[in-house]
There are 2 protein chains.
Amino acid sequence: MSDKARILCGSSLAQAQQVNIIQAVTAIVSKGYRPPCLTVILAGDNPASAIYVKAKQSACESVGIHSKVWRFAKTASQAELMDAVHRLNQDQEIDGILIQLPLPNGLDADALLDTLDPSKDVDGLTPYNLGCLLRRNPRFIPCTPLGCLDLIHQSTQDISGKRAVVFGRSLLIGRPMALLLEQYGATVTVVHSKSRNVPEISRQADIVVAAIGQPGLITADYIKTGAIVIDVGITRMGNSIVGDVHESVSNIAGWLTPVPGGVGPMTITKLLSNTVKAAQDRIDHMEKRTSPAC
Amino acid sequence: MSDKARILCGSSLAQAQQVNIIQAVTAIVSKGYRPPCLTVILAGDNPASAIYVKAKQSACESVGIHSKVWRFAKTASQAELMDAVHRLNQDQEIDGILIQLPLPNGLDADALLDTLDPSKDVDGLTPYNLGCLLRRNPRFIPCTPLGCLDLIHQSTQDISGKRAVVFGRSLLIGRPMALLLEQYGATVTVVHSKSRNVPEISRQADIVVAAIGQPGLITADYIKTGAIVIDVGITRMGNSIVGDVHESVSNIAGWLTPVPGGVGPMTITKLLSNTVKAAQDRIDHMEKRTSPAC
């Protein structure tokens with residue numbers, strides 16, 4: 001085939017969505033409220049985490065969201081971090097709290113997430129919010145799968161009745177992605193390290209979401225002609241960033257996200273929109289509480 | 001084929017497990033504690049619900065678990081039920097609380113489950129417990145999928161690497177079942193009302209779990225030779241109970257659960273074991289709190 005896949009450009013979609021986010025922030029401020037505020041808890045000195053947190057702060061700034069980073073040494077104790085989460089939960093000036101993962105060795109991320117107020121959990125990773133996603137009335141949905149869903153919708157293809165294959169069963173991406181696609185009517189298969197005959201399974205899919213972090217693993221042999229392919233994988237190789245999807249796929253897929261410029265900008269944009277949502281919910285709740293009784 | 005599928009008998013597995021449950025209850029009582037206690041909230045006059053609740057009470061009695069039913073008229077208000085859940089949450093004499101679903105029209109089951117203490121949620125349906133299942137450190141798992149898992153294990157076949165197809169995407173069965181099978185290493189596909197080419201998808205599966213409530217829909221045409229077939233469907237037809245799996249499947253499947261006597265007794269048994277677990281956790285927590293410091 002000489003036809004090349006159409007590009008599902010995350011950068012331009014993110015930019016368009018950020019215009020709406022700026023409008024929402026402006027509306028909040030023009031009503032006399034403070035701007036939405038996100039606080040990131042960053043423990044340890046993982047270089048990738050430092051880069052991600054910086055990118056999140058810069059994105060917040062560009063849309064008018066205030067952001068703070070609470071930094072902790074990699075020797076910080078569980079109690080210190082628990083205390084930080086408790087204080088941020090109570091702080092009326094904070095709308096969203098994000099615990100940057102992974103935490104340094106010896107710290108228990110689940111126990112920390114258990115203490116996080118679900119109404120400030122803009123990453124959607126507290127058990128309460130995950131449970132609401134499972135029962136289909138989610139409040140906050142993890143940012144990466146939420147961004148992937150928008151990219152799939154960009155293809156203008158109906159998801160309902162389609163076959164979808166999700167590579168990877170992580171809590172941050174694979175499992176919530178499968179639930180979202182299923183909620184939109186797709187017939188979803190999750191493949192992972194124990195799966196057999198993976199190319200054969202993958203070739204049945206109209207929609208493929210790859211989130212395994214193995215550069216170029218998904219070759220043309222895995223893809224049905226015309227499929228929508230979403231490449232979540234990010235691996236740094238020297239000075240470049242490489243996805244899970246091999247370049248040969250662009251000759252066979254119908255739609256394809258680039259790396260970089262695909263899922264990455266959408267993940268950050270969803271963090272922004274979740275933070276604005278948290279702020280709006282707080283304001284709605286406040287206004288409801290102070291409105292005169294009928 | 002003249003070979004008949006081996007029967008995965010839920011009745012005898014349930015009986016064997018109930019022997020262990022009786023031992024656990026006896027151990028609790030012999031330590032001087034009261035027996036585990038389950039309270040069911042039953043609102044309205046749905047005849048099927050009345051039958052299920054009676055069966056649960058009778059099963060509790062047979063293993064030494066105390067049970068109570070709090071009955072409400074079908075005109076009961078949301079506030080009345082919320083108040084009941086609050087009181088049961090506080091009551092130290094109650095280990096497990098089960099809200100019998102479906103609730104009468106006009107009542108909000110999700111809002112009611114939101115108020116239920118997760119440590120007493122023996123049905124595993126609060127958002128917190130669902131979220132813990134999604135992140136793979138579940139405390140209470142919904143009873144039917146948990147029972148199905150034990151029946152699959154009865155076949156002594158390794159689940160890891162197998163293809164599994166779950167029919168139905170309900171919160172009570174399909175979605176948690178898919179997560180459990182995936183956790184055990186299966187490659188899982190969930191099919192539902194929007195799915196296409198279902199027999200073809202189903203024929204790829206080594207493990208089929210049918211939970212759609214359409215009598216006899218799953219015919220031999222849906223099943224790969226030698227597959228494990230779990231029939232969750234229960235439809236009352238006249239005086240008999242009929243499953244989702246057609247009788248022709250017994251000539252092609254390797255293992256098959258009967259209806260009745262398959263999944264039903266396992267669901268009730270898992271409610272019993274979850275209730276004992278809730279009681280044991282409470283006792284452990286109490287003993288830990290009162291033990292002298294080292």
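Both Phe167(B) and Tyr222(B) are buried, where buried means under 20% relative accessible area with a 1.4 Å probe and protein chains only. The model is predicted: local features need pLDDT of at least 70, side-chain atom pairs count only at pLDDT 80 or more, and totals for chains, interfaces and linings use all residues. Side-chain values use heavy atoms, with hydrogens and water left out.

**Aromatic pairs**

- Rings of Phe, Tyr and Trp (its six-membered ring) pair if their centres lie within 6.5 Å; planes under 30 degrees apart count as stacked, over 60 as edge-to-face and the rest as tilted.
- Over all chains, the count by this rule is two aromatic pairs.
- Phe167(A) and Tyr222(A) make a tilted pair, with 6.1 Å centre to centre and 50° between the planes.
- Phe167(A) belongs to strand E5 (residues 163-167) of chain A and Tyr222(A) to the loop between strand E7 (207-210) and strand E8 (228-231), so the pair ties together parts 55 residues apart in sequence; strands are DSSP runs of at least two residues (E), numbered from the N terminus.
- Phe167(A) is buried at 3% relative accessible area, and Tyr222(A) is buried at 13%.
- In chain B, the ring centres of Phe167(B) and Tyr222(B) are 6.1 Å apart and the planes are at 50°, so this pair is tilted.
- Phe167(B) in strand E5 (residues 163-167) and Tyr222(B) in the loop between strands E7 (207-210) and E8 (228-231) of chain B are 55 residues apart, and their pair links distant parts of the chain.

**Charges over rings**

- A charge sits over a ring if NZ of Lys or CZ of Arg is within 6 Å of the ring centre and within 35 degrees of the ring normal.
- Arg6(A) lies over the face of Trp255(A), 4.3 Å from the ring centre.
- Lys277(B) has its charged end over the ring of Phe140(B), at 5.6 Å from the centre.

Note on methods. Residues are numbered from 1 along each chain as its sequence is written. Chains are lettered from A and ligands numbered from 1 in the order in which they are written. Helices (H or I, at least four residues) and strands (E, at least two) are DSSP runs, numbered from the N terminus. Buried means under 20% relative accessible area, exposed over 50%, partly exposed in between (1.4 Å probe, protein chains only).
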